[in-house]
Amino acid sequence: MSLEHIRTAAAAVQSPQPSPDERVSPDMTALASLERDAELMLRIREGDQASFSLLLERHRLPVIHFLYRMVQNQAVAEELAQEVFLRVYRSRDTYAPTAKFTTWLFRIATHLALNWIRDGKNEKSQESLDAEIAEGATRQVADRGRTVEQEMLYQARLGEVRQAIENLPAKQKSAVLMHKYEEMEYSQIAGVLNCSESAVKSLLFRAYETLRSRLAHMA
Amino acid sequence: MQCPKENGNAAELMIAYVAEALEPATQIALERHITQCADCREMAAQQKAVWDALEDWKPAPISSDFDEKLYQRIAQDEQRGWWRRLTGANWSWAFRPAMPVAAACAALIVAFLIRGPLSEYDSTPQVQPQVSIEQVERALDDVDLLKQLTPSAPVEESAGERI
């Protein structure tokens with residue numbers, strides 16, 4: 001596949017798309033979108049490059065946001081997200097729609113993030129992480145027009161939240177992020193983490209218990 | 001509604017309650033219970049605080065060239081694909097049935113190199129007797145001498161009598 005070919009295909013897919021922040025929910029709309037994902041993958045297998053662009057458009061933001069909160073570094077999150085979508089593209093010939101597409105997608109993303117965390121690569125980027133926190137907060141604040149005092153309070157609050165999440169064990173962290181931000185059900189999180197639903201409940205209970213003890217004072 | 005803390009499912013219910021993921025009837029019943037139960041009220045408030053705090057954490061904007069970089073990586077990957085297919089793991093699968101045969105041949109070759117040709121070991125050395133004519137004559141003389149010294153036995157008579 002040539003780069004020009006992909007660009008052309010991507011340009012062709014500029015029709016109104018569902019919100020990239022689309023969350024996984026059990027209603028019929030979500031069910032239809034899940035089937036659509038599988039259909040897109042099957043079309044990619046047949047050589048339809050525009051379907052890949054469409055798939056990327058639909059899932060780019062949730063994947064990057066999830067990875068960003070996992071590794072707490074935007075550059076690393078985007079690098080890992082590229083690897084996720086590259087693997088999706090490589091798997092086009094062997095893909096079988098036996099599970100929900102998003103479950104499979106987040107399984108790849110979680111696997112890469114957990115590996116990155118396990119390999120201790122986060123230590124290397126600790127300096128950039130600090131800069132990242134400040135930069136990210138500034139970007140958010142600029143839109144909200146807080147006073148300096150509010151800004152400092154917000155920064156402190158955000159720092160605590162990030163630190164509390166960062167300190168969670170990796171699997172608890174991924175379970176909480178999928179539950180809170182991707183609004184996944186227990187069964188889907190179980191599918192991503194390759195464990196039972198009761199194990200997911202246990203992970204979430206422990207994670208939220210830890211977070212309650214650390215963040216309850218923010219009420 | 002019975003107190004969730006007594007049932008042992010308080011954590012699960014509170015998480016779902018704050019996430020607004022309960023069935024409407026259960027949501028309303030729990031809400032009513034919370035107004036009457038101080039313990040559950042405190043737990044719900046703590047969970048709500050965590051939920052709201054997490055809500056504040058917005059992700060950073062994505063790089064404008066994310067797609068561009070991805071498509072470049074895909075194009076590079078596709079170019080490398082041919083070479084990877086040639087040198088990749090597929091070949092090991094293709095040659096998998098021949099592997100035991102190859103291993104056996106290698107073992108035979110090694111054994112041959114270490115021990116040398118089998119014929120050298122299996123053929124016993126043949127010792128050629130070297131007998132001279134003098135030795136033969138001497139042996140015949142000895143036999144004759146022995147015949148002369150031996151007394152003639154009445155074998156034939158005995159045998160005749162039996163007949």
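What follows is a series of questions about the labels, each with its answer.

Me: How do you know how far the model of chain A can be trusted, and which elements have the lowest and highest mean pLDDT?

Reply: This is a predicted model, and pLDDT is the predictor's confidence in each residue, from 0 to 100. The mean pLDDT of chain A is 81, with 73% of its residues at 70 or more.

Me: How many of the residues in each chain count as buried?

Reply: A residue is buried if 20 or more other C-beta atoms lie within 10 Å of its own. By that rule 37% of the 219 residues of chain A count as buried, while for the 163 residues of chain B the share is 12%. As for contacts between residues at least 6 apart in sequence, 71% of those in chain A join residues at least 24 apart, and in chain B 66% do.

Me: Why is Q72(A) called buried, and why is E183(A) called partly exposed?

Reply: The cut-off for buried is 20 or more other C-beta atoms within 10 Å, while exposed means 12 or fewer, and partly exposed lies in between. Q72(A) has 22 such atoms, and therefore it is buried. E183(A) has 14, which falls in between, and therefore it is partly exposed.

Me: Where are these two residues found, and what is noted about their phi values?

Reply: Q72(A) lies in the loop between α3 (49-71) and α4 (74-90) of chain A, and its phi is near 55°, a positive value in a residue other than glycine. E183(A) lies in the loop between α9 and α10 of chain A, and its phi, near 50°, is also positive in a residue other than glycine. Most residues other than glycine have a negative phi. Just after α10(A), N194(A) takes a positive phi of about 55°.

Me: How do you know that the end-to-end distances of α4(A) and α11(A) agree with what a helix should span?

Reply: The expected span is 1.5 Å times one less than the number of residues. For the 17 residues of α4(A) this gives 24 Å, and because its end C-alpha atoms are 24 Å apart, the two agree. For α11(A), residues 197-215, the 19 residues should span 27 Å, and the end C-alpha atoms are 26 Å apart, which agrees.

Me: What makes one face of α11(A) the buried one?

Reply: The buried residues of α11(A) are V200(A), L203(A), L204(A), A207(A), Y208(A), L211(A), R212(A) and L215(A). Seen down the helix axis, they fall within an arc of 160°, so they line one face of the helix. On the other side, S198(A) and S213(A) are exposed. The cover over the buried residues of α11(A) includes α8 (148-166), α9 (170-180) and α10 (186-193) of chain A, together with α2 and α4 of chain B.

Me: Why is α10(A) called largely enclosed?

Reply: Of its 8 residues, 7 are buried, so α10(A) is largely enclosed by the rest of the structure. Those buried are Y186(A), Q188(A), I189(A), A190(A), G191(A), V192(A) and L193(A), and they pack against α5 (101-118), α9 and α11 of chain A.

Me: How do you know that chain B touches chain A, and which elements of chain B take part?

Reply: Two residues are in contact if their C-beta atoms lie within 7 Å, and by this rule 30 residues of chain B are in contact with 36 residues of chain A. The elements giving two or more residues to this side of chain B are α2 (10-18), α4 (38-55) and α5 (66-87) of chain B. The largest share, 11 residues, comes from α5(B). By class, this side of chain B has 17 nonpolar, 4 polar and 9 charged residues.

Conventions. Residues numbered from 1 in each chain as written. Chains lettered and ligands numbered in written order. Predicted model: local features only at pLDDT ≥ 70, side-chain atom pairs only at ≥ 80, totals over all residues. Helix = DSSP H or I, 4+ residues; strand = E, 2+ residues; numbered from the N terminus. Nonpolar A, V, L, I, M, F, W, Y, C, P; charged D, E, K, R; others polar. Arc of directions from axis to C-beta.
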